[in-house]
Amino acid sequence: MQLNNCDNWGTERLGTKGEGQGVKSQAVLKEEGNESVDRPLLEVRGVERTFQVGGAPLHVLKSIRMELQPNQLVMLRGRSGSGKTTLLNCLGGLDTPSKGEIWFNGLPFHRMSDHERTLVRRNEIGFIFQAYALMPLLSARENVELSMRMAGIKKSLWKERVEYCLSLVGLEKRMHHRPFELSGGEQQRVAIAKAIAHRPKMLLADEPTAELDSAMSAQIMAVFQNIIRTEQVTICMTTHDPTILEVADHVYEMVDGKFL
Ligand SMILES: Nc1ncnc2c1ncn2[C@@H]1O[C@H](COP(=O)(O)OP(=O)(O)OP(=O)(O)O)[C@@H](O)[C@H]1O
């Protein structure tokens, strides 16, 4: 199953980084001398997700425990139906666990309202989908601008940041191309530029290489490694592809809703 397309979340500005009501960002906690700043970027403790299907419970996630440290590339590997997308949805605050805790950047996602999670997600998390999720009538540049508009970033800052993000993914010469004028790998690189334009701390990618051949997949993984270094971002991605696992800092192997 694929992640929801975040472009449908609306465009109003809901606050600046870490401005969620009743919750404090890592930066604020640090200023206050709170020891929690040593926490990982993301901590998952005892997470379960159960759906009611035809009146019976379907236990999709079972006792999940994981950590994402800053500037890591972490992969979730598992067969179709093992629960990878369900977990990614919970990590990104698109879904809430039935049980357990998810701490993102010191914030208790599992206790926050939808509105609070939306604020954090818009400002601090980027999403990349298998099917690129680009607007077909907009150029590469306009697609990246769109995500800055959605994050409420001042228009005067767009030009420099958009050009920088497109150059990071090696597409500075394709800025004016629309998606249908780009290869699959190039479209996915525009999607990456779009996902990092608002400077998220965490990128979640659901099968980002599934539609690509091995050479293009390798390019995407090189781009991921580059942006972890230059943008100080943590990436968590799902994959079926065993050939790309070697570039991961950590691989979680998922079987039937549990980690091996
Ligand atoms: N909203 C839902 N309601 C009921 N069942 C669901 C729901 N979302 C997911 N599931 C079920 O949970 C299981 C895991 O689905 P999920 O999409 O997380 O797997 P996946 O590992 O990402 O698979 P794939 O690699 O094919 O995308 C599946 O059996 C799916 O049918």
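1. Helix α6 is mostly covered: eleven of its 13 residues are buried, where buried means that 20 or more other C-beta atoms, placed from the backbone, lie within 10 Å of the residue's own. The buried residues include Glu186, Arg189, Lys194 and Ile196. Helices here are DSSP runs of H or I with at least four residues, and strands are runs of E with at least two, numbered from the N terminus.

2. This is a predicted model, in which local features need pLDDT of at least 70 and side-chain atom pairs count only at pLDDT 80 or more, while totals for chains, interfaces and linings use all residues. Residues are numbered from 1 along each chain as its sequence is written.

3. α6 covers residues 184–196 and reaches 19 Å from its first C-alpha to its last, close to the 18 Å expected; the expected span is 1.5 Å times one less than the number of residues.

4. What do the buried residues of α6 pack against? Their partners are β6 (125–128), α4 (140–150), α5 (158–168), β7 (202–206) and α7 (214–231), with contact meaning C-beta atoms, placed from the backbone, within 7 Å.

5. An open sheet of six strands has the order β6-β7-β8-β3-β9-β10, with mixed pairing; two strands pair if DSSP finds at least two bridges between them. β6 and β10 (258–259) are the edge strands, each pairing on one side only. α6 packs on this sheet, touching β6 and β7.

6. Strand β9 (residues 250–255) runs antiparallel to β10, and two bridges join them. Met254 has Phe259 of β10 as its bridge partner.

Definitions and conventions
Buried ≥ 20, exposed ≤ 12 C-beta atoms within 10 Å, placed from the backbone. Contact = placed C-beta atoms within 7 Å. Axes fitted to C-alpha atoms, helices over the stretch in contact; angles between N-to-C directions.
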